[in-house]
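Open the structure in your viewer and follow the stops below. Each stop says what to select and what is there.

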Amino acid sequence: MRIPGVQIEKPKSLSKMVSEQIKDAILSGIFQPGDKLVETTLTESMGVSRTPLREAFRELAAEGYITVVPHKGAHVSLVSEDEVLDIYAITSVLEGLATRLATPNLREGRANERLHAFFEQLKRRHEHGEVDAYWAANRDFHRHITSACENSRLQGLIGNLRQQIMKTRVVTLHAPGRLDNSMAEHEDILQAILDGDGRGAEHLVIRHLEIQGKFVLDLIKKSPENASIPVAERD
């Protein structure tokens with residue numbers, strides 16, 4: 001018999017913890033695009049058996065972080081320019097829509113206070129030149145806006161796309177020249193929201209992500225591989 005309204009949170013499985021550690025290593029640049037993930041090395045360094053590691057590989061492959069080829073093993077995934085174009089094109093439109101819907105809900109109350117708090121955090125990280133912390137604050141700023149749109153299906157779609165954008169992080173991990181412009185774009189987005197200009201805020205978010213997508217593509221074109229490179233986040 002089911003007990004209505006009662007849910008017991010399950011502890012994370014070992015394979016989930018392993019997959020999160022490998023994912024963090026990919027996003028931080030410890031594992032580079034195309035690197036082979038050697039099972040024996042990972043089992044020894046992480047202190048786990050092959051079973052949870054292989055389960056973790058399946059999870060990471062499903063999310064697109066790695067590619068597993070039978071009889072050849074696992075490698076950190078590469079991604080084409082077309083894939084980056086597709087991801088940013090779709091995300092920009094959906095996040096723009098979410099921003100327009102959220103604008104009336106962000107102009108007062110607790111939602112407005114949190115919006116200002118996230119923006120101030122973003123501003124501080126920019127002023128101090130804390131690149132990784134800036135992009136983490138950036139993620140929180142956009143996530144808060146999306147959460148205020150009051151459309152769970154739209155939030156789910158954006159969340160899934162954000163996970164895919166996250167995979168492009170390796171491309172922009174150490175690339176200079178984007179922080180100042182990104183900060184200026186966020187200032188414009190905030191002002192449009194505070195002015196109650198939902199359509200204007202929507203346009204600015206779309207433009208913001210289009211610029212970021214172009215930035216990632218330019219980095220890919222300058223890379224030695226040129227044709228395919230890993231997907232990851234920086235907006």
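Helix axes here are lines fitted to C-alpha atoms over the stretch in contact, and angles between their N-to-C directions run from 0 to 180 degrees. The model is a predicted one.

**Stop 1: helix 5 and helix 6**

Select residues 109-127, which form helix 5, and then residues 131-147, which form helix 6. The two helices pack at an angle of about 160 degrees, and their axes are 8 Å apart. Angles over 145 degrees count as roughly antiparallel, and helix 5 and helix 6 are therefore roughly antiparallel to each other. The crossing of helix 5 past helix 6 is left-handed.

Now show side chains. On helix 5, select Ala111, Arg114, Leu115, Phe118, Phe119, Gln121, Leu122, Arg125 and His126. On helix 6, their counterparts in the contact are Ala133, Tyr134, Ala137, Asn138, Asp140, Phe141, His144 and Ile145. Coloured by type, the residues of this contact come out as ten nonpolar, four polar and three charged.

**Stop 2: the largest pocket**

The pocket has a volume of about 350 Å³ and is lined by 17 residues. To find its centre, select Arg139, Arg143, Gly159, Arg162 and Gln163, the lining residues that lie nearest to it. The lining consists of four nonpolar, six polar and seven charged residues.

**Stop 3: the second largest pocket**

Select Lys36, Leu37, Val38, Glu39, Arg54, Phe57, Arg58, Val68, Gly73 and Ala74, which line the second largest pocket. Strand 1 (36-37), helix 3 (50-63) and strand 3 (73-76) each give two or more residues to this lining. Helix 3 supplies the largest share, three residues. The volume is about 180 Å³, and the lining divides into five nonpolar, one polar and four charged residues.

**Stop 4: helix 9 and helix 10**

Finish with residues 179-194 (helix 9) and 198-222 (helix 10), which pack at an angle of about 165 degrees with their axes 8 Å apart. Helix 9 and helix 10 are therefore roughly antiparallel to each other, and helix 9 passes helix 10 in a left-handed crossing. For the contact, select Ser182, Glu185, His186, Asp188, Ile189, Ala192 and Ile193 on helix 9, with Gly200, Ala201, Leu204, Val205, His208 and Ile211 on helix 10. Seven of the residues in this contact are nonpolar, four polar and two charged.

Key
Residues numbered from 1 in each chain as written. Predicted model: local features only at pLDDT ≥ 70, side-chain atom pairs only at ≥ 80, totals over all residues. Heavy atoms only, no water. 1 Å grid on protein atoms, 1.4 Å probe; cavity = no way out; pocket = protein on both sides within 12 Å on 5 of 7 lines; lining within 4 Å. Points joined across faces, edges and corners; volume = space filled by probe spheres on them. Helix = DSSP H or I, 4+ residues; strand = E, 2+ residues; numbered from the N terminus. Nonpolar A, V, L, I, M, F, W, Y, C, P; charged D, E, K, R; others polar. Parallel < 35°, antiparallel > 145°, perpendicular 65-115°, else oblique. Left-handed = near helix turned anticlockwise from the far one by under 90°. Contact = heavy atoms within 4.5 Å.
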